[in-house]
There are 2 protein chains.
Amino acid sequence: MATLNEEESSGCIGEPHHEVPSEIRPAEEKTCARAAGIFRALGDLSRLRLLSLLANREMCVTELTECLQDNLPAISQRLKLLRAERIVVTRRQGKHIFYRLADSHIAHLIANGLAHGEEPDE
Amino acid sequence: MATLNEEESSGCIGEPHHEVPSEIRPAEEKTCARAAGIFRALGDLSRLRLLSLLANREMCVTELTECLQDNLPAISQRLKLLRAERIVVTRRQGKHIFYRLADSHIAHLIANGLAHGEEPDE
DNA sequence: GCTACACTTGACGAAATGCTCAAGTGTTGT
DNA sequence: ACAACACTTGAGCATTTCGTCAAGTGTAGC
């Protein structure tokens, strides 16, 4: 357990009493945590399929259920998680609840990921 | 299990013998799978912290271990997974193995995710 | 108020994930 | 050839995650 030689409590590498150089330390903890949360939510095949639909247009749960050929509670659970991560937002209209991507930033992230997934072999 | 009325094997909604409209069907299966794989790999706090370092510059495992204040096998396992998803690539130099992000597309994805994570409250 | 429709939620079990430890591989220096 | 350094890997265990089912909430129409 004493493999890491404990320099200064400051953290990285050698230099004792200087500010930790610059970017040999990871991004802000909160930032990473939030980003990881988003990525984790996007990192599931079923959810990403769902999101690839919402990337085109707003849809209600029934519609999603039909397009994805899956059972409704399953879809609803996925939407719940995506809502918790603020990746989608809802709008109620009568008995229907419509879902869409939360913002264009998210839309970009998804579009980029899918674009990368499309590349030939790489 | 007979909740979904089985239309045509084609897939979505009602219209029997037409092409499935347009984008009421999810993106290509392979595309989604690959993209989900990438997102899943990015969707872990420890791995994302690691990647936020590699976003700045190439680093060897020992260096990463020091910066992240974690034990070496743990880091190595994470790198193995990231390598498997082709998110990072390696280069050997003497006894050291240097890791860096696989391409600029991945770098963008990570930068975008972190940027979104930085936003105030939202 | 009652019924039907459109969802949401809680709980449980099965499967995937992540960490740790011990042992193994590859490279350099003597 | 041997020892030391820099990793990688396989196995086992503790969590976490996902899907499913049964039950619950909210809205609209009669």
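1. To start with the dimer: 44 residues of chain B are in contact with 44 residues of chain A, contact being C-beta atoms, placed from the backbone, within 7 Å. On the chain B side, at least two residues each come from helix H1 (29–42), helix H2 (45–54), H3 and helix H5 (104–118). H1(B) gives the most, with 10 residues. By class, this side of chain B has 20 nonpolar, 14 polar and 10 charged residues; here Ala, Val, Leu, Ile, Met, Phe, Trp, Tyr, Cys and Pro count as nonpolar, Asp, Glu, Lys and Arg as charged, and the others, Gly among them, as polar.

2. A word on the basis of all this. This is a predicted model, in which local features need pLDDT of at least 70 and side-chain atom pairs count only at pLDDT 80 or more, while totals for chains, interfaces and linings use all residues. Residues are numbered from 1 along each chain as its sequence is written, and chains are lettered from A and ligands numbered from 1 in the order in which they are written.

3. Now the symmetry. Chain B superposes on chain A by a rotation of 180 degrees with 0.0 Å of shift along the axis, at an RMSD of 0.0 Å (least squares on C-alpha atoms of residues with pLDDT of at least 70 in both copies). The two copies are thus related as by a two-fold rotation axis. The copies meet through the same surface, because 100% of the interface residues of chain B are also interface residues in chain A.

4. Next, the DNA. Of the 22 residues around DNA strand D, B:Val61, B:Thr62, B:Pro73, B:Ser76 and B:Lys95 come nearest (near: C-beta atom, placed from the backbone, within 6 Å). Helix H4 (72–84) of chain A gives two or more residues to this surface, as do helix H3 (61–68), helix H4 (72–84) and E3 of chain B. H4(B) gives the most, with six residues. The surface divides into nine nonpolar, eight polar and five charged residues.

5. Three strands form an open antiparallel sheet in the order E1-E3-E2; helices (H or I, at least four residues) and strands (E, at least two) are DSSP runs, numbered from the N terminus, and strands pair if DSSP finds at least two bridges between them. Strand E1 (59–60) and strand E2 (88–93) of chain B are the edges. Two bridges join E1(B) to strand E3 (residues 96–101) of chain B, and B:Met59 stands opposite B:Tyr99 in E3(B).

Definitions and conventions
Contact = placed C-beta atoms within 7 Å.
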